Amino acid sequence: MVLGGALAGTLGISFIGLLILREFGPEFGFWTVALPIGAMILLLTAAMGLVLGRLLLRPIRALARYAGEVRQARATATAPPERFGTVELGDMAASVIEMAEALRAREATMRSYSDHVTHELKSPVSVVVAASELLQDRPLAEADRALVDQIAGAAAQMHQQLDALRMMARARSADYRGRTTLEALRAPLSDRHNGLDLRLDGVDVSLPMSAPGLSLVLDHLLFNAAEHGAAQVRLSAAPGLLRIADDGPGIAPGNRTRVFDPFFTTKREIGGTGMGLAISANILAAHGAEISVLDLEIGDGSSALSGAIFEIRFTPRRL
């Protein structure tokens, strides 16, 4: 009704204006009749514009504002909009609000569950750690000492897994919207990974993620590269794309589809949790980006890097 009425009104006003101009123009003069008719059409069109703005534009803006607040975890600060102009907009808005509330409740449930589980499990794990430390201080047979050392190592690994699980749950709700460049990250990455030879290409390309968030993702990738024996890492940025390549041993073909799975690691015996890449993938997914492993070699002709190669693609969206 709103759209049809607006179209019919616009056409009707124009048609009536033409009839009036044709009827009275020759008698009173073209401009004498055209100017009042133009002013009348302008006023009536502005009135219809105000009505359309109130019935369509204002509710859509209110819904978009509410969705943005839910995304930023500030939904409790403002109640959902109550008026939506038309029945169709009201139905759509109700569905969007219900979806936002369901997603927010699901995220809160997952986070509270992970916090509860990690909190409850840390207490018995701490008891096991304390008991193993007491046993390690006592004189034991060689076989018994080896068993106690295994218990202590397993308990420490459980601590790490619980911390990683909580970090992964929080990674989905962290807000790292913004933009940054590799040039802005050059100094902090070099300081934290001074054992790696970092080569940066496309340092002035603007990437659609804030510096703290992208730095966290790159930290996981760079620490991973160093742990697997890489000495050089190249970061290449292009619009909507970031590629990270190292000169390490690479990733076995059978593991390339599993490296982003939670708890998957090839270094569990030395304390690996298998959560670093999963956390990175979750952070990126929450900000409209996707990370994958490439099966190719990149280089500039003088020094090719054929180890592990990761590619981050940022989906165009408002962050």
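**Figure 1. Overview of the protein.** Residues 24 or more positions apart account for 68% of the contacts with a separation of 6 or more, a contact being heavy atoms within 4.5 Å. The model is predicted, so that local features need pLDDT of at least 70 and side-chain atom pairs count only at pLDDT 80 or more, while totals for chains, interfaces and linings use all residues. Residues are numbered from 1 along each chain as its sequence is written, and side-chain values use heavy atoms, leaving out hydrogens and water. The protein has seven helices and five strands, which are DSSP runs numbered from the N terminus (helices: H or I, at least four residues; strands: E, at least two). Their order along the sequence is α-α-α-α-α-β-α-β-β-α-β-β. Of the 319 residues, 34% are buried (under 20% relative accessible area; exposed is over 50% and partly exposed in between, with a 1.4 Å probe and protein chains only).

**Figure 2. Helices α5 and α6.** The axes of α5 (residues 182–192) and α6 (residues 211–227) come within 11 Å and cross at roughly 35°. Axes are lines fitted to C-alpha atoms, for helices over the stretch in contact, and angles run from 0 to 180 degrees between N-to-C directions. On the α5 side, Leu185, Leu189 and Arg192 take part; they meet α6 residues including Leu214, Leu218 and Phe223. The residues of this contact are seven nonpolar, one polar and two charged (nonpolar: Ala, Val, Leu, Ile, Met, Phe, Trp, Tyr, Cys and Pro; charged: Asp, Glu, Lys and Arg; polar: the others, Gly among them).

**Figure 3. The buried side of α5.** Leu182, Leu185 and Leu189 are buried in α5. They lie on the same side of the helix because they cover an arc of only 60° around its axis, taken from the directions from the helix axis to the C-beta atoms. Their cover includes β1 (197–201), α6, β2 (232–238) and β3 (241–246).

**Figure 4. The largest nonpolar core.** Such a core is a set of buried Ala, Val, Leu, Ile, Met, Phe, Trp, Tyr and Cys residues joined through side-chain atoms within 4.5 Å. Among its 38 residues, Leu218, Leu235, Leu242, Phe310, Ile312 and Phe314 touch the most other members. Helix α6 gives the largest share, six residues. Leaving aside neighbours within four places in sequence, Phe314 contacts residues including Leu207, Leu214, Leu242 and Leu284.

**Figure 5. Proline 124.** Proline 124 is in helix α3 (residues 87–136). This residue counts as partly exposed because its relative accessibility is 43%. Alanine 155 is 31 residues from proline 124 in sequence and 9.5 Å away in space, C-alpha to C-alpha.
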